[in-house]
Amino acid sequence: MTSVRFTVTPTKAEDLPGASDLSPDISLRSGSRVHFESESANRSDPISEASGGVTTTSATGGGGADTPDHSSIDQGEGNSKASSVYINSNHQVDDDDFYDKNLALFEEEMDTRPKVSFLLSRLVNYTNLTQGAKEHEEAESIGEKKKPSKSPQMGTLMGVYLPCLQNIFGVILFLRLTWVVGTAGVLQAFCIVFMCCCCTMLTAISMSAIATNGVVPAGGSYFMISRSLGPEFGGAVGLCFYLGTTFAGAMYILGAVEILLMYISPSAAIFEGEGAAMLNNMRVYGSIFLLFMALVVFVGVKYVNKLASVFLACVIISILSIYVGALVSAFSVPHFPVCMLGNRTINGHYITDNHCSKTVLGKVPAEKLDSNFTVNEHSTAGPTFDPSHVPEVMLETPTCIRMIFCQSSELNATCDEYFTSNNFSEIKGIPGLASGGISENLWSSYLSKGDVLEKGALPASQVAHPPSDHHPYVFADITTSFTVLVGIFFPSVTGIMAGSNRSGDLKDAQRSIPIGTILAILTTSLVYLSNVVLFGACIEGVVLRDKFGDSVKGNLVVGTLAWPSPWVIVIGSFFSTFGAGLQSLTGAPRLLQAIAKDNIIPFLRVFGHGKANGEPTWALLLTALIAELGILIASLDMVAPILSMFFLMCYLFVNLACALQTLLRTPNWRPRFSYYHWSLSFLGMTVCLALMFISSWYYAIVAMVIAGMIYKYIEYHGAEKEWGDGIRGLSLSAARYALLRLEEGPPHTKNWRPQLLVLLKLDEDAHVKSPRLLTFASQLKAGKGLTIVGTVVSGNYLQTYGEALAAEQTLKHLMDKERVKGFCQCIVAQKPREGISHMIQSSGLGGMRPNTVVMGWPHAWRQSEDPQAWKTFINTVRVTTAAHLALLVPKNISLFPSNTEPYTEGYIDVWWIVHDGGMLMLLPFLLRQHKVWRKCSMRIFTVAQMEDNSIQMKKDLLTFTYQLRIDAEVEVVEMHDSDISAYTYERTLMMEQRCQMLRQMRLSKSDRDRERVRWSFDDAYLSPRYKSPGVYSSNTSRGDRDRQAQLVKDRNSMLRLTSIGSDDDDDTDGGERDRAASSGSSEHHRRVQMTWTKEKTTQYRATHSGCSTPEGFRDMLSIRPDHSNVRRMHTAVKLNEVIVAKSHDARLVLLNMPGPPKNPEGDENYMEFLEVLTEGLERVLLVRGGGSEVITIYS
């Protein structure tokens, strides 16, 4: 596909060649000749000199040939001069024939900023332009840590290993692992346990690396995450982990209550019945247990530690009894029969007579038999039975099970169809290790809620209708699946941070945490995996799937395998869960206390306080309240997935922290634990994330939302912390990478947005003079892109360093007040103009440099007390132009709206006089993104000259705005009257007279200062004999003459210092001062040797006081205004009349800002032109482009 590119060829020797490669590729380097380049053509074809000639270029050509160095200097033939794209030299001839009188104010830059009509006429006919440029990618201490009242003495065994074992071997091992094995099968159960154990092992490795990279104080896991990932992540994950630990305590308490009410003392139930009554029992007893545990923890953690050994002994004994029982079952099978009807499991609680059959032979007294009694084949009485001779008879009687199925004690009653067609059988609940039962338990058997537990190997005749819940079967209480089992089992491996949570009590946390945690995980993993195999090999499948042991008459399933008695497991598991709950209620408050002491979440500060010995009293109270919420749920299976999410999220970020620190190679990352690798951390992070969504995707989303909300709260309202975290290191690495990528080329037009450098001025009290300037910048940026707020402090950096810091703080406070996201920069310089120049040159870094300067208009510059203000303004305009930066000058900035004053209606008027890169089009669009300007409509005005077709211009402009996707009203203003009015002539004359008068006043002021210093010196130091009309007398001593010469030299030095420190010390008249100083110096040198006579003194005064007399201003009366100034004033007056007439009611007027004059002597005239151009307008934004396209018609 052929692509045509539209570029502009330079026509003047002083202009730079080349074209911008931004899209649309419209060069701003020329105003007369245009070339169109086709990418499919040959680059070697010569360039046609005719307007509109075609230049061919290769599609593979580099951009460097099309965009020459902008710093190059062209030499015109016979008139060599340095090129400057924006500030041109004086025209030696009148260019009225070439330039329009109505645009004379912009005539010096017509070659770099073409007329709008010229642009539109070329652009509207060419729609398939090339894109041009390539695109590119874009200490704080650890809180005020209180030292414990006594030094910690806990070692690895008591401080880490045993607490981890106790938490890991909590409730799930004894209450749910057999059910998981029976439901999922040995293979899938082994996979579930292995995945969970791998997750915790990988997390422990990462945690060990972090824990050995420095001192880990109280709050272990939270401390490690927060100092590795920053306060936001640390606070969010720390709170999630705290909630997980607290809910774990609730889960352990619920497990203890379940053991008590179902296996130890069922008669202790307050509410009788199933379902809701059982839940209420769990709530009541759970609350009592929680209160008791909280009191134990409140008394002191040392008592928990003392009880921990007792509880752990119960756990170890219970686990050992399982292994011994499994070995014993190979030789002596325990008697736990299971009653089956067909292949369905019968609830053992209903077999009150211990008979698993439909009927049973029983002895019946003969007197109870009536005369109608018929002897059947199973009776022991003969056919000639006489009740009077036989005292009792063996007869068939119905069992309790038959009565339930038949709803009657009669043998001939109608019974359930399945009951009638199937027979009872009895199987071994514990077939033993040598039975080979593992082959039946290898595969999964997932059930839905209400399904009956069945043994597939038994024969059974199926019936059409499903079993009823009033039948004495064993039913599944919940719907099971692989994901559900993962969520329920995972809490059994979540105790790995029980030791790190109590790191403040450890003697050597760096050594104890890795060793104790990894050993505990290895121990528990081995126990879990071996138990999965043992359970599958020793216990019958239907018993394994029986969660509450109903098939074995309410015995704890794992207890049926224990040796010597199931009570070993029951008592041991009860104390185990009780102890695990105590450990959770010990660790969770300390974790919350560590978070509160860091002061990153303001409303948690109160929980940082505790008893005199540092025990977290208030944190314990909150922990008990949250745990009570978990107890009120009253279902262990519902609480387990909740805490699984919180723990998995914590483990995920521990792995992320280790991986980040390893990959970033932070100099401070020197862990003593060397058995880690970033790939293991990433694997652990992936496993954690996968387990979160496998177990419960909706719980995972809720947990992430909670963590995200906490993260945002800390980010916006929490205290700022600098902990040298990995996220900050990641940000630095990402910023470095992005900056290096930005250096690969200039930004594409589609990616261009104003990167602002806002220049603010401070008063004597270090207050910002125009704070609305920053308000306007915030409205323009709407929080996007780069913003640098800068100011200049006059003086020496070594002496005004404190003032510079104060100024920087003032800027930061103002930026916070206006909600401007960016950076502030304060430069100290002897002169403000030099400081601004340095700031423009040095602001930003790499590709993130400002491309737009925002500065205020010098208010009342004619009457300003600071005569250098308007000169600094013009110098800044020149500097920004030379640096190819855009410039925005809001005039009457005090009248601009604040962020709390949105406009409900109005217009933003754009006066597009010359094409300046499209800034005038883009700025209103950006402003209207802000709520202040959102409801304002946009109008675009452009100016048509005598030779322009205004109707066609309007059509072209409408087409252009449509292609730009900008909604705006369009109007073309015709300016045919080119006659210069008397008002324009008079205004120009007054302007030049004023400039001449100011120039004379500056000269006379300089001479008056010299005279004042000279005669003050004469009156103060010269003796009368030196003032006599005679020459130096012979009586004058040599010392007096030397003293007089030295005093005159001192006066010369004073004059030079006074000249240097005067207000006139600027670049404009620096040459005149140098010449005056040079002539004055030689004159003073001659004056040292002159003879002071009265006549010579009078003559000298008369010669050097001419400028102070009225005759010095006589030349001003004969001034005739310069013709070029008259034409420029005519443009300013005519444009102002049109703008005021059309836009007097506009909320904001955007206007092309003319460039400064090439001759510095006309600076006052330039300011006058701008004043005339903007008179009568309330709010004006003068816009000057940076020489590149900033808006494109392409997607």
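Author: Helices (H or I, at least four residues) and strands (E, at least two) are DSSP runs, numbered from the N terminus. This is a predicted model, in which local features need pLDDT of at least 70, side-chain atom pairs count only at pLDDT 80 or more, and totals for chains, interfaces and linings use all residues. Residues are numbered from 1 along each chain as its sequence is written, and side-chain values use heavy atoms, with hydrogens and water left out.

Reader: Where is S576 placed?

Author: S576 belongs to helix α13, residues 566–597.

Reader: Is S576 buried or exposed?

Author: S576 counts as buried because its relative accessibility is 0%. Buried means under 20% relative accessible area, exposed over 50%, and partly exposed in between (1.4 Å probe, protein chains only).

Reader: Which residues does S576 touch?

Author: Leaving aside residues up to four places away in sequence, S576 touches F169, G170, F174 and V315. Contact means heavy atoms within 4.5 Å.

Reader: Turning to the sheet, what is the order of its strands?

Author: The ten strands of this open sheet follow the order β11-β10-β9-β12-β13-β18-β17-β14-β15-β16, with mixed pairing. Two strands pair if DSSP finds at least two bridges between them.

Reader: How many bridges join β10 to β11?

Author: Seven bridges join β11 to strand β10 (residues 787–794), and the two run parallel. T791 stands opposite C826 in β11.
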